[in-house]
Amino acid sequence: MEGGAYGAGKAGGAFDPQTFFRQPHTVLRVLSWVFSIVVFGSIVNEGYLNRPDEMEEHCIFNRNHNACNYGITVGVLAFLSCLLYLALDVYFPQISSVKDRKKAVLSDIGVSAFWAFLWFVGFCFLANQWQVSKHENNPLNEGADAARAAITFSFFSIFTWVQPPANGSCTMSEGKGLELSTYLEETCDQAQDKSGQRGIGLCWPGPQHFIDIVQNH
């Protein structure tokens, strides 16, 4: 393919790290990656504590182990997802098939929306459990900064993950336009090969072809 489809340049182009890391979606991806590290790192390092008169450690969020487990699980999986889709972003310009590019963009939109939802749930869950935590369970206020950091960056992660679906909808529109343009060019080329000449009547595919495009996409 000659032009760029679904937000990428010509297929097979050389990878330019400087251009890649300046792209808005790459910046958001890296921020999401960093935020996920902060969330699960804060909980793992300082999210469990015990009172002076007991040995067993409990979750800092109202002693609810589900809250800590949720934050750690979502953080680690989001961290891995960011790495996976950063690798896909690097490989994306090498994908020559428009259909494969469309699948990659749709996958990115779906996964990003899913993670934005999980982070929203995580933010509400952690904030609620921190709010109802009892002072007597943590009289020295240990790990308070780590708990606040986990809540804060869970909130920030909602926006870094929700932005790719918004950008992806524009990318899909651009890709659709290029698909139609490419289809019309191929139709003209086929008509020219059969007749040996090129004209408006030969290049115009007819209404049925556009109906087929709408049905197939």
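Modeller: Let us begin with secondary structure: helices (H or I, at least four residues) and strands (E, at least two) are DSSP runs, numbered from the N terminus. The model is predicted, so local features need pLDDT of at least 70 and side-chain atom pairs count only at pLDDT 80 or more, while totals for chains, interfaces and linings use all residues. Residues are numbered from 1 along each chain as its sequence is written, and side-chain values use heavy atoms, with hydrogens and water left out.

Colleague: How many helices and strands does the protein chain have, and what pattern do they follow?

Modeller: There are 7 helices and 2 strands in the protein chain. Along the sequence they run α-α-β-β-α-α-α-α-α.

Colleague: What makes L77 partly exposed?

Modeller: The relative accessible area of L77 is 42%, so L77 is partly exposed.

Colleague: Which residues does S81 touch, leaving out those up to four places away in sequence?

Modeller: S81 touches W115 and W161; such a contact means heavy atoms within 4.5 Å. L77 can also be compared with W115 in position: these two residues are 38 apart in sequence, and their C-alpha atoms are 9.5 Å apart in space.

Colleague: How do you know that α3 is roughly antiparallel to α4?

Modeller: Helix α3 covers residues 65–91 and helix α4 covers residues 98–131; they pack at an angle of about 155°, with their axes 10 Å apart. Axes are lines fitted to C-alpha atoms, for helices over the stretch in contact, and angles run from 0 to 180 degrees between N-to-C directions. Angles under 35 degrees count as roughly parallel, over 145 as roughly antiparallel, 65 to 115 as roughly perpendicular and the rest as oblique. The angle of α3 and α4 therefore makes them roughly antiparallel.

Colleague: Which residues make this contact, and how do they divide by type?

Modeller: On α3 they include Y70, L77, S81 and Y85, and on α4 they include D108, W115, L118 and F125. The residues of the contact of α3 with α4 divide into 15 nonpolar, 6 polar and 1 charged. Here Ala, Val, Leu, Ile, Met, Phe, Trp, Tyr, Cys and Pro count as nonpolar, Asp, Glu, Lys and Arg as charged, and the others, Gly among them, as polar.

Colleague: What makes α2 roughly antiparallel to α3?

Modeller: Helix α2 (residues 24–46) packs with α3 at an angle of about 155°, and the axes are 8 Å apart. By the rule already given, α2 is therefore roughly antiparallel to α3. Among the residues that meet are W33, F40 and I43 in α2 and F79, L83 and D89 in α3. The residues of the contact of α2 with α3 divide into 16 nonpolar, 6 polar and 2 charged.

Colleague: Is F20 buried or exposed?

Modeller: F20 is placed in helix α1 (residues 17–22). The relative accessibility of F20 is 6%, so F20 counts as buried. F20 and D89 are 69 residues apart in sequence and 8.5 Å apart in space, C-alpha to C-alpha.

Colleague: What is noted about phi in N62 and R63?

Modeller: Most residues other than glycine have a negative phi. In N62, however, phi is positive, near 60°, and R63 has a positive phi of about 55° although R63 is not a glycine. N62 is in the loop between β2 (58–59) and α3, and R63 is found in the loop between β2 and α3 too.

Colleague: Why are N62 and R63 called partly exposed?

Modeller: N62 has a relative accessibility of 26% and thus counts as partly exposed. For R63 the relative accessible area is 24%, so R63 is partly exposed.

Colleague: Which residues is W130 in contact with, leaving aside neighbours within four places in sequence?

Modeller: W130, which lies in helix α4, is in contact with I60, F61, A144, A147, R148 and I151.

Key: Buried means under 20% relative accessible area, exposed over 50%, partly exposed in between (1.4 Å probe, protein chains only).
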